[in-house]
Amino acid sequence: MTMNVVSIDSLTKHPGESVTIRGWVYHLRAKGKLAFLVLRDGSGIAQCVFVKSEVDDATFDEAQRLSMESAIEITGEVRLDARAPGGAEIGVRAMKTYQKAAADFPIQPKEHGTGFLMENRHLWLRSRKPWACLRVRDAVIRSIRGFFYERGFVNIDSPIFTPAACEGTSTLFEVEYFDEKAYLTQSGQLYAEAAAMAFGKVFTFGPTFRAEKSKTRRHLTEFWMIEPEVAFAELNDIMDLAEAMLCHIVKSVLAERREELTILERDITKLEKIVPPFPRLSYTDAVDLLKQKGLPFEYGGDLGAPDETAIGENYDRPVMVHRYPHEVKAFYMKRDPQDSRFALCVDVLAPEGYGEIIGGSQREENLDILEGRIADHKLPREAFAWYLDLRRFGSVPHSGFGMGLERCVAWLTGVDHLRECIPFPRMLYRIYP
RNA sequence: UCCCGGAUAGCUCAGUCGGUAGAGCAGCUGACUGUUAAUCAGCGGGCCGUAGGUUCAAGUCCUACUCCGGGAGCCA
């Protein structure tokens, strides 16, 4: 007889059938002549019931002695039962053990400190919350790709090794590149601009590295960034694009990952409110708002993390703050023709204190102005020769933004630390496992 | 780089006024036919982060260091 191997998430489609499931022991409660074993197979968890009179003695005995995370295969009949988590359970007939796990599996179904859990990240991935959180991440990635592909964007990967700083501000990881120095990329944007002049609408999606010694729940040294870049787009166009993208992501996650959000105890009603239009505030309006709220703030400075939280608190959906003073922004941003004190840029602040998830701008397309900026910022002109070429051959208005994937996932899942939103986080003082 | 907090059993923590170490959970042994982090009984388990100092006596007080957590700046 051939085995009817099924995944746990499909059990409710097989009531009354004899099926086989394969996975790892998630929990075991032995009760004399009855034993409840919760099996985890990656798609979900299912309760398997061993009744002493229904299996042979050796199997019953072996089941009672299984350790957590032992790898097994179970064959039995699917029963719909309200008492079982997930609504379906298996009445066990037979069991095969692939490996009995060592008795000291470190992760227990109880409180652990985050330091300990991060030290055991390779095993922690098997727990419910990491499982749920990383499945939301997966859904977000798929949703983003779908969003851009549906709109005719081309995925162009930017290089990881770069010859110089993209923005000339943050600290980069330096690596040996044969006989030269190279740096790990902190942004694919400049390359995306080149690609936009070749393909019109592009996005890059890849890892990004920042060597700043930031030690907070909002920072990773290695994170994933999505960066669309659009030829002929102006600031308002990419603000519309960012708004549409975020709404699309939220919609997909609500449709495909409701169970995971429930496991994470996320307040889903907060996500259901994420619909257009998003509030749009100029920097000047944002500063007025901060003053109204009684926060000490000097006009002209950049918004700090507490300021962003205060602004975000005022709204139930992401806020777009645009037109910051150009002094606090990158050299490549175009200045506002209406008022040259400001840059044509936008930061999107997530609600509930999650802070900046997107930063974007309209780029300076004029060759002379851009050359002047590079000189003003004391950047090495030779390194930007190719970037300046883009302004010599068919330069057009163009705009784009970058979204930090993990920051977006942290907001959607409601977890309080970015490290839970990437499988193996790289942080200041943590590169294990 | 700066500011704040922490380090005691495998894990989470308690440890008073300075007097030679405690609990819950996990592990192991046993009981139990509907458990949901089962319950009950029993058994093992410790260089109190490292080094120095004060003291008759230090987990406890002092100094330095190491490691960890959070925050600021910077950013996504």
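In the predicted model, the domain assignment divides chain A into domain 1, spanning residues 8-99, and domain 2, spanning residues 121-421. The centres of the two domains, taken over C-alpha atoms, are separated by 46 Å. Contact between them involves eight residues of domain 1 and five residues of domain 2.

Two packed helices are described by the angle between their axes and the distance between the axes. For helix H9 (residues 283-292) and helix H10 (residues 305-313), the angle is about 90° and the axes lie 10 Å apart. With 65 to 115 degrees counted as roughly perpendicular, H9 and H10 are therefore assigned to that class. Ala286, Leu289 and Leu290 form the H9 side of the contact, while H10 contributes Asp307, Ala310 and Ile311. By residue class, the contact of H9 with H10 comprises five nonpolar residues, no polar residues and one charged residue.

Helix H12 (residues 385-392) has Tyr387, Leu388, Leu390 and Arg391 as buried residues. Viewed down the axis of H12, these buried residues fall within an arc of 140°, so they line one face of the helix. An α-helix has 3.6 residues a turn, so residues three or four places apart point the same way. The elements that cover the buried residues of H12 include helix H5 (189-199), helix H11 (367-376) and strand E16 (398-404). Just after H12, Gly394 adopts a positive phi of about 75°.

Positive phi values also occur in residues other than glycine, including Phe232, with phi near 70°, and Glu265, with phi near 55°. Phe232 is located in the loop between strand E11 (222-231) and helix H6 (235-256). Its relative accessibility is 63%, and Phe232 therefore counts as exposed, the cut-off for this class being over 50%. Glu265 lies in the loop that connects helix H7 (258-263) and H8. Glu265 is likewise exposed, with a relative accessible area of 63%.

Cis peptide bonds are found at two prolines, Pro277 and Pro433. The bond joining Pro276 and Pro277 has an omega of about 0°, and Pro277 is placed in the loop between helix H8 (268-272) and strand E12 (280-282). The bond joining Tyr432 and Pro433 has an omega of about -5°. Pro433 is situated in the segment after helix H13 (405-413).

Conventions. Residues numbered from 1 in each chain as written. Chains lettered and ligands numbered in written order. Predicted model: local features only at pLDDT ≥ 70, side-chain atom pairs only at ≥ 80, totals over all residues. Heavy atoms only, no water. Axes fitted to C-alpha atoms, helices over the stretch in contact; angles between N-to-C directions. Helix = DSSP H or I, 4+ residues; strand = E, 2+ residues; numbered from the N terminus. Parallel < 35°, antiparallel > 145°, perpendicular 65-115°, else oblique. Contact = heavy atoms within 4.5 Å. Nonpolar A, V, L, I, M, F, W, Y, C, P; charged D, E, K, R; others polar. Buried < 20%, exposed > 50% of the residue type's maximum accessible area, 1.4 Å probe, protein only. Arc of directions from axis to C-beta. Domains from an automatic or database assignment.
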